Amino acid sequence: MEPSFLPRSLLRCAGLGLLGGMLATSSLHAAPITDISTEKRLAALLAMPFATSLTGAAQAQRIAWVEQRAGVRNILLSDGGQAPRPLTHYTHDDGTDLWGLALTPDGRTLAYVEGGDPEYPNDAPPNAGQAIFAGLQTVHLIGPSGSNIVMGEGHSPAFSPDGRFLAFSHGGTLMIGHTGTRPTPAFTTPGAITGLRWSPDGHHIVIEIDRGSHGVIALWDVREKAGNLTFIPPGLAHDRLPVFSPDSQSIAFVRTQDPVVDTAPDKGRFWSIHVYDIPTGTEHNLWTAPAGKGSRFAAPEGSVLEWLPDGRLLFPWEGSGWMRICALPMDGSGTPDCLTPDGAEVSTYRLSPDGKNLLYTANAEDLDQWRAWSRPLVGGPATALTAGNDEIAALVTAGTDIALMATGVTQTAHPVVLDHDRTLLPVSPVLPDDVTFVTPQNVRFHSADGLELHGQLFRPADGTSRHPALIFVHGGPERQMLPAFNAMGYYSNTYIMNQTLAAQGYVVLAVNYRSGSGYGMAFRDAAQIGRAGASEYRDVQAAAAYLQQQANVDTTHIGIWGGSWGGYLTGLALARNSDIFAAGVDFHGVHDLTEPDHAGLSPQQNREAHETEWRSSPLADIQHWRAPVLLVHGDDDRNVEFEQSTLLARALTAQGVPYEDHVFPGERHAFLRMQDWLHGYMWMDRFFERTLMNPTKP
């Protein structure tokens, strides 16, 4: 059946501005939101402009990005780093996302995705705004005249090198057509298309397809009418990240496997780089990662391979124990040469506009400070592109310009353009009037087993009297909190909340616990983390011990809060140490880590694994849980099952533990509407006021 495309205004004509239903069946009664000054402060901060999805034109000094302001998302465009102009004119905080931006090489036409969930693009789109009709996930095209055309349902739009064709995916179907005309299906294959790239000559599209147990790569010849889908010979693994050679005659890709659960970290060789020759239809293994460090594939989010003009391939590798960018000769004549420094992590990378330098973002001089760097491909020292007073999170090129995504202590994520020796700010976010922030202090302390930990301490302006204190634990867990706004919307909001708590008189410590990113592979893949033993909880205990040593902390009023894996650690803290933690707030946390039987393990090994998973779960220590807790969860969560929270609520009820609970019907894991973040944070604010700040107040 042909899909029906309705105007967005009709899709959301009901449910706008309505708060999702709320459960409050516990022994703690939800207080009404009456602290107008805090509510207004939070609303103003959450409404600050926040930039995402930065992209640039290959042949023009033009960038585009999504700006979220007061929960409303729109696309802005800037030429040469000048003040931007809007390309879209949406007006409601209805949770409809904009993402997947792509510009034609000349920058005159832009494609983007409206609706859906970038993390789960092939699932049913969310409907957090409770519209009459559930939203669609559609690809739009904005041409030189400014007209906005719906191209069809799908995601991941990509223009041909000459800009004449647009391709995108819809489930297992590749859609393709002349730019500006309605595309048609090229083929449909089992599984979900998760990525596509054009060849430099525009004759082929290489397609990455996820089939669950394995992944395959297909090649489509756009010059033929039918019957021209070729599969690169697959293996019993996941083939991914395909990239064409500069002459369009070969494709390099990565083949990965997942180790069985009990595989020792220093055993096995779980990924390799392969090359497929298009004229002959042959494929061969070029290089296999050796056993030991880096033998399991890991890459920064959004990574792509880069095939250099000199015949080398750029790829990420942790062979030294740190995420570095390395160059591999494609003729099989040598071993990888890593171009970025050891002892530091890289988050994004690409070639400079002239093809002579590797551009990348890394925490090369300070593990808690991310900067942009440039290094000649032929050798030589790296040069810092940014001064170090901002956190740099993304990097793209636009013609001869370099565009970055930056944040600061008082500035949300915003684009920065480097035009030779000039630094240009298309927008410059500022804090709302009458709002001041503390400058978070980088601190280091040690866990009981000697591991050095990093964190940020938010101190109230009054540093002499004793204050209640809070530990903030991030989710992921592969995340890193920094002493500034975060470039990820979820953690930009948590930074706002930590600043708000500090302004109210709490001492707040954001702890980067083991299993997080930014501090090397050994830290991220530490022994017995998560369901293998919850060793990261030692770091939460170390953070509490650090707070207990601070002269301005009231040690009887220490709380904890976090979301996702941070919600898990919050639950673990309250279940194991209600003697330390007086209260906690758990956003969409994990509470039972037990899994079905693991393939490849014996029945005895599975029993042992299940026991360890259970002992690592908050529910295993529910009989020791005494401290009150606030639970908040969206019931359309695709990251953490909603049942994780309903199960905990049942267990808390059975134990007589006081709790307050709230549900956002239709919301996802990272809430899509600003108004839902505001309500969730106000519930938390009032909860901590009753349990920590003024525990005797009714």
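Predicted model: local features only at pLDDT ≥ 70, side-chain atom pairs only at ≥ 80, totals over all residues.
Residues are numbered from 1 along each chain as its sequence is written, and side-chain values use heavy atoms, with hydrogens and water left out.

**Helix α8**

Helices (DSSP runs of H or I, at least four residues) and strands (runs of E, at least two) are numbered from the N terminus. Helix α8 covers residues 643-655, and its 13 residues should span 18 Å at 1.5 Å a residue, which agrees with the 18 Å between its end C-alpha atoms; the expected span is 1.5 Å times one less than the number of residues. Its buried residues are Q644, S645, L648, A649, A651 and L652, where buried means under 20% relative accessible area, exposed over 50% and partly exposed in between, with a 1.4 Å probe and protein chains only. Seen down the helix axis, these buried residues fall within an arc of 165 degrees, so they line one face of α8; the arc is that of the directions from the axis to the C-beta atoms. An α-helix has 3.6 residues a turn, so residues three or four places apart point the same way. The face turned away from the buried side of α8 carries the exposed residues R650 and A654. Among the elements that cover the buried residues are β38 (581-587), β39 (629-634) and β40 (659-664). Just after α8, G656 takes a positive phi of about 75 degrees.

**Nonpolar cores**

A nonpolar core is a set of buried Ala, Val, Leu, Ile, Met, Phe, Trp, Tyr and Cys residues joined through side-chain atoms within 4.5 Å. The largest such core has 49 residues, of which F445, I471, L547, F581, W625 and L652 touch the most other members. A second, separate core of 41 residues includes L42, M497, V632 and M674.

**D117 and A394**

D117 lies in the loop between β6 (110-114) and β7 (138-142), whereas A394 is in strand β29 (residues 391-398).

| Residue | Relative accessibility | State |
|---|---|---|
| D117 | 13% | buried |
| A394 | 23% | partly exposed |

How values were computed: Contact = heavy atoms within 4.5 Å.
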